[in-house]
Amino acid sequence: METAIVARLALSPNHVFNPKPGPYNYRGMLVAVSSAAPGKGGGLLERPVIEKTAPGRESEFDLRKSKKTAPPYRVILHNDNFNKREYVVQVLMKVIPGMTLDNAVNIMQEAHHNGLSVVIICAQADAEEHCMQLRGNGLLSSIEPASGGC
């Protein structure tokens with residue numbers, strides 16, 4: 001077991017202490033113990049390494065707390081009277097990553113029958129990119145915030 005040591009507190013040979021290596025609570029501090037030889041005394045208390053951050057710099061724990069995810073957006077495919085169904089399916093499979101043939105057909109059918117269909121829910125930047133790619137291939141599409149999350 002490797003341990004980074006900041007300081008050592010030497011114990012006298014007469015000091016009664018558990019010589020087994022491992023973490024212990026010593027005066028309210030969590031410490032690691034190592035011993036020169038089992039039962040020979042001379043054990044060492046290793047002070048824990050405390051990471052301090054510079055003023056104005058957040059620790060990794062603070063970053064996780066304050067990290068907010070962007071709200072999701074829906075990419076919507078609108079029905080049109082210009083593109084053939086097969087073409088719409090091909091474009092969906094080409095533009096949307098991970099789009100399967102079955103999903104593309106279902107999305108195309110829903111847009112054909114209901115006038116529109118949700119293609120994918122993703123981050124705003126990705127939604128804008130997918131929408132532009134669909135439009136670039138001649139399909140009618142738009143994006144909107146996804147209420148209620150993914």
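User: What covers the buried residues of H2?

Analyst: In this predicted model, the cover includes S5, H3, S6 and H4.

User: Which residues of helix H2 are buried?

Analyst: H2 spans residues 85-95. Its buried residues are Val-88, Val-89, Val-91, Leu-92 and Val-95. Buried here means under 20% relative accessible area.

User: How should I read that spacing?

Analyst: Start with the general idea. An α-helix has 3.6 residues a turn, so residues three or four places apart point the same way. Now the case here.

User: What is the strand order in the open sheet?

Analyst: The order is S6-S5-S7, three strands with antiparallel pairing. Strand S6 (116-123) and strand S7 (140-145) stand at the edges. Each has a single partner strand, so one side of each lacks a neighbour in the sheet. On average, neighbouring strands are turned by 25 degrees against each other, direction ignored.

User: How many bridges join S5 and S7?

Analyst: Six, in the antiparallel sense. S5 covers residues 72-78.

User: Which strands do H3 and H4 lie across?

Analyst: Helix H3 (residues 101-114) lies across S5 and S6. H3 runs at about 130 degrees to S6. Helix H4 (residues 124-136) lies across S5, S6 and S7. The angle of H4 to S6 is about 140 degrees.

Note on methods:
Residues numbered from 1 in each chain as written. Predicted model: local features only at pLDDT ≥ 70, side-chain atom pairs only at ≥ 80, totals over all residues. Heavy atoms only, no water. Pairing = 2+ DSSP bridges. Helix = DSSP H or I, 4+ residues; strand = E, 2+ residues; numbered from the N terminus. Axes fitted to C-alpha atoms, helices over the stretch in contact; angles between N-to-C directions. Contact = heavy atoms within 4.5 Å. Buried < 20%, exposed > 50% of the residue type's maximum accessible area, 1.4 Å probe, protein only.
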